[in-house]
Amino acid sequence: MASALSIRIQGLRDGHYEIFLTAPAESIADMAPEFFGEITLTGTLEKVGRRYTFVGVARCQAHLICDRTLEEYTEWVEAEIEVAYLADTDLYLLRQGEQRDRTYELQVIREDDTHIDLAEEVRQELAVHLPMKRIAPAYRDIPFEQLYPQYAAPPAVEDERWAPLRHLLNKPE
């Protein structure tokens, strides 16, 4: 069964087709828990012979927690989606026992397939585009030292327990 992020390819003639698809984030298997609401996928499908190429953008909201303040915030996450398929049943059957390797530039599908399911590509790309450093928009332009000056200032009294090791820092090589 095709997912909500599937493009119907049965009966398409060569050419360009504008694509606009939406799906609830929870309808995508193994979607990162940060994502909620609706995933929007827009782009262009190009068909030339037995080759299908989709180029577009996936967009969804993510519920995140600020690394600096622990405040919750919501942010839009966007990811470019570029996928190419070749409809070749013989090649598909030869590779059937193998795990589907998405590192290949070209994915192989059966000639009698009626849909191209982009759910897995969208899931992976959105997950990769989640920010590693999660800083709420209100704090992005504020340096850490200004936000928490009590932790940024050097200690007023030097700890003498480190004195025996201090010479290692100043030792010329």
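Buried means under 20% relative accessible area, exposed over 50%, and partly exposed in between, with a 1.4 Å probe and protein chains only. This is a predicted model: local features need pLDDT of at least 70, side-chain atom pairs count only at pLDDT 80 or more, and totals for chains, interfaces and linings use all residues. Residues are numbered from 1 along each chain as its sequence is written, and side-chain values use heavy atoms, leaving out hydrogens and water.

**Aromatic residues**

Two aromatic pairs occur in the structure. Rings of Phe, Tyr and Trp (its six-membered ring) pair if their centres lie within 6.5 Å; planes under 30 degrees apart are stacked, over 60 edge-to-face, and the rest tilted. Phenylalanine 144 and tyrosine 148 have ring centres 5.5 Å apart and planes at 45°, so this pair is tilted. Tyrosine 148 also pairs with tyrosine 151, again tilted, at 6.2 Å centre to centre and 55° between the planes. Tyrosine 151 is exposed, with a relative accessible area of 60%. Phenylalanine 144 is partly exposed at 36%. Tyrosine 148 is partly exposed at 22%.

**Salt bridges**

A salt bridge is a side-chain nitrogen of Lys or Arg within 4 Å of a carboxyl oxygen of Asp or Glu. The structure holds seven. Among them are these:

| Arginine 50 | Glutamate 111 | 3.4 Å |

Where do the partners sit? Helices (H or I, at least four residues) and strands (E, at least two) are DSSP runs, numbered from the N terminus.

Take the bridge between arginine 50 and glutamate 111. Arginine 50 lies in the loop between strand 3 (35–48) and strand 4 (51–65), and glutamate 111 in the loop between strand 6 (106–109) and strand 7 (115–117), so the pair ties together parts that are 61 residues apart in sequence. Arginine 50 is partly exposed at 42%. Glutamate 111 is partly exposed at 45%.

Glutamate 78 belongs to strand 5 (residues 72–87) and arginine 59 to strand 4, 19 residues apart. Glutamate 78 is partly exposed at 45%, and arginine 59 is partly exposed at 33%.

Glutamate 75 is in strand 5, and arginine 140 is in the loop between helix 2 (119–128) and helix 3 (144–147), 65 residues apart. Glutamate 75 is buried, at 19%, whereas arginine 140 is partly exposed at 43%.

**A charge over a ring**

Arginine 59 has another contact. Its charged end sits over the ring of tryptophan 76, 4.1 Å from the ring centre. The criterion is NZ of Lys or CZ of Arg within 6 Å of the ring centre and within 35 degrees of the ring normal.

**Cysteines**

Cysteine 60 is buried at 0% relative accessibility. Cysteine 66 is buried at 0% as well.

**Surface patch**

Trp162, Leu165 and Leu168 make a nonpolar surface patch of about 350 Å². Patch residues have over 30% relative accessible area and no salt bridge; like charges are joined within 9 Å, nonpolar side chains (Val, Leu, Ile, Met, Phe, Trp, Tyr) within 5 Å. Accessible areas come from the Shrake-Rupley method with a 1.4 Å probe; for residues, only the protein chains shown count as cover. Leucine 165 is in helix 5 (residues 163–170) and is partly exposed at 45%.
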